[in-house]
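Dear colleague,

Here is the structure I promised to hand over, and below it you will find what turned up when I went through it.

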Amino acid sequence: MIMTDYRNYTTEDLLTDALFRAWVLNADPEATAFWHYWLVDNPDRSERVEAARALLLAMQEKRQTVSDEELGKIVEATLGRLGNADVTEKPSSRRIYFILSRIAAAIVLVAGLGWLVHKFPGGSSSNVISKQSTSDEIRTERKNNTDKPMTVLLGDKSTVILQPGSQLSFSPAMEKASKRIVYLDGEGFFDVVKDPAHPFFVYTNQLVTRVLGTSFRVVAYNREKQASVSVVTGKVTVFAKKDLEKTDRVANPPASGDVVLSPNEQATFTQNAAKLTKSKIEGLVTLYHSPEFSFDETPVTEVFTALEKAYGIDIKYEPEKIDGYLLTATFADMSLHDELQLICRIIKGNYHIEEGKVIIETGP
Amino acid sequence: MPHLSENNRLRDAQLWKELVLGSEQALGALMHIHYRSLVNYGQKFIKDEEFLKDCIQEMFIEVWNRRGALSSPNNVRAYLFTSLRRKVYREGHKLQLFEHHDMADAETTGSTDIEFSPEWWLIEEESLAERTRKMGDLLNLLPKRQREVIYLKYYQELSREEIAQVLTISPQTVSNLIQQAFMNLRDRIKTVAISLCALITLFLGY
């Protein structure tokens with residue numbers, strides 16, 4: 001093998017050299033080792049090398065944001081959408097469709113878990129409850145004492161529509177944790193913001209539902225005699241909480257005892273068998289649908305008021321900063337997050353959730 | 001200088017042929033090969049990553065849907081870059097992500113307002129981070145045409161001809177722009193403080 005004489009390399013040569021790029025851009029271990037030793041041997045060339053390195057990094061800006069796994073999923077998702085040519089033919093629905101493509105929607109029904117408490121070998125409700133209450137972390141608790149559905153905003157911008165009599169608890173800084181975990185007692189419709197690096201978990205008494213980013217429904221009424229999980233679109237993994245305790249299921253991929261649900265599939269617990277069985281289900285899409293809005297050159301302040309009213313939430317903003325922005329759009333089947341994101345694009349702002357309120361940030 | 005680019009070009013052309021014949025796998029392969037480059041390129045003129053990724057996905061789906069009508073591009077990579085830029089501006093315009101003059105610019109000159117923000121980059125080594133940031137500043141001082149040419153050539157490793165195709169200019173103009181860019185960088189570097197003297201040696205080699 002002929003050794004390249006890098007001593008004579010100009011910056012331009014370095015910038016286009018495969019071994020150099022493997023070190024700078026991909027942190028390839030062999031290339032890194034090579035350049036490390038080469039620099040020790042050739043200290044008089046270090047400035048040239050460092051400068052070329054900085055130039056490449058300045059153009060790269062940030063480390064690879066798409067992992068191999070993520071890329072594989074993206075390709076799979078794209079191939080899965082081939083043949084849906086009709087969607088791209090309709091320009092009017094196109095914009096909404098475009099935004100919707102980001103929402104992997106799933107509806108999950110988990111019904112009647114209470115009775116399982118005594119049926120599951122090794123699992124006991126008091127055990128589970130005490131485990132939750134002795135936890136050191138501070139939890140925010142939201143209970144819907146009204147007779148209407150209530151929207152709860154989570155710090156990661158996910159939303160939960162909580163049904164009357166239901167309760168949700170979560171850590172106030174859940175969005176900063178490696179796993180996003182909420183505890184549900186009752187019924188809730190979850191619209192989870194996609195974040196593959198931080199999977200989202202819904203814990204109920206006996207079941208854990210894991211998703212990366214999707215919308216789904218969890219119903220866990222104690223009085224029901226049957227438990228089920230149903231999905232409309234997207235994918236969720238369901239497993240018994242006792243399995244979670246055995247191994248670190250949170251970090252691991254689905255195992256044999258888990259049920260991975262695809263669209264129109266349902267997992268059911270029956271009284272006689274302490275395991276999940278899978279079956280088909282139709283017609284869940286219509287169970288939950290988000291409010292529809294139609295705006296025609298409507299001032300953004302009025303748009304916010306409409307959203308506040310429809311979702312029963314608070315939106316804080318500086319009116320003078322968004323004065324003069326008009327919105328013409330139809331929001332149908334969109335999550336609150338997507339609606340807010342779209343508006344923020346128009347007003348060139350951003351938003352975050354603070355103590356259950358939407359805070360709109362606008363530039364100076 | 002080793003020339004892998006010709007091999008890559010032939011590989012892409014082969015995959016494109018298979019794609020036209022209806023191979024979904026070929027489309028997947030092209031995505032695997034070019035996706036990251038497209039994300040990096042797109043990020044230069046649109047910061048909304050989710051939006052960008054949607055655009056890339058839509059673009060590949062459009063290629064698939066129109067595969068019967070598309071003529072084989074002589075350079076797939078350059079074709080994808082051009083398509084992405086058009087796509088981002090078209091969709092971005094609908095969502096009002098761009099100012100009007102940006103749009104007019106992109107349409108008439110085929111040039112986009114590329115900007116480097118290496119402060120996003122979290123570099124462990126303090127000195128390298130500082131150097132990278134300064135280098136980003138220097139690059140941003142270049143006229144935008146020169147900036148884009150430098151980026152396409154040295155980051156994306158596009159050939160002179162490929163760049164010419166993406167920017168719809170002649171290969172000779174590409175060469176001129178690169179030369180001007182390096183001259184500009186050299187001049188600017190002279191006026192910057194001593195900490196950057198290293199860069200002078202860098203560009204003297206050119």
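In chain B, among contacts between residues at least 6 apart in sequence, 58% join residues at least 24 apart, where a contact means that the C-beta atoms of two residues, placed from the backbone, lie within 7 Å. Please keep in mind that this is a predicted model, in which local features need pLDDT of at least 70 and side-chain atom pairs count only at pLDDT 80 or more, while totals for chains, interfaces and linings use all residues. Residues are numbered from 1 along each chain as its sequence is written, and chains are lettered from A and ligands numbered from 1 in the order in which they are written.

Chain B has ten helices and zero strands, helices (H or I, at least four residues) and strands (E, at least two) being DSSP runs numbered from the N terminus.

Helix H4 (residues 76–94) of chain B packs against helix H8 (residues 160–167) of chain B at an angle of about 30°, with the axes 9 Å apart; axes are lines fitted to C-alpha atoms, for helices over the stretch in contact, and angles run from 0 to 180 degrees between N-to-C directions. That makes H4(B) roughly parallel to H8(B), since angles under 35 degrees count as roughly parallel, over 145 as roughly antiparallel, 65 to 115 as roughly perpendicular and the rest as oblique. On the H4(B) side, B:Arg77, B:Ala78, B:Phe81 and B:Thr82 meet B:Glu162, B:Gln165 and B:Val166 of H8(B).

In chain A, strand S1 (residues 140–143) pairs with S4(A) in the antiparallel sense over four bridges, pairing requiring that DSSP finds at least two bridges between two strands. The bridge partner of A:Thr140 in S4(A) is A:Phe170.

Best wishes
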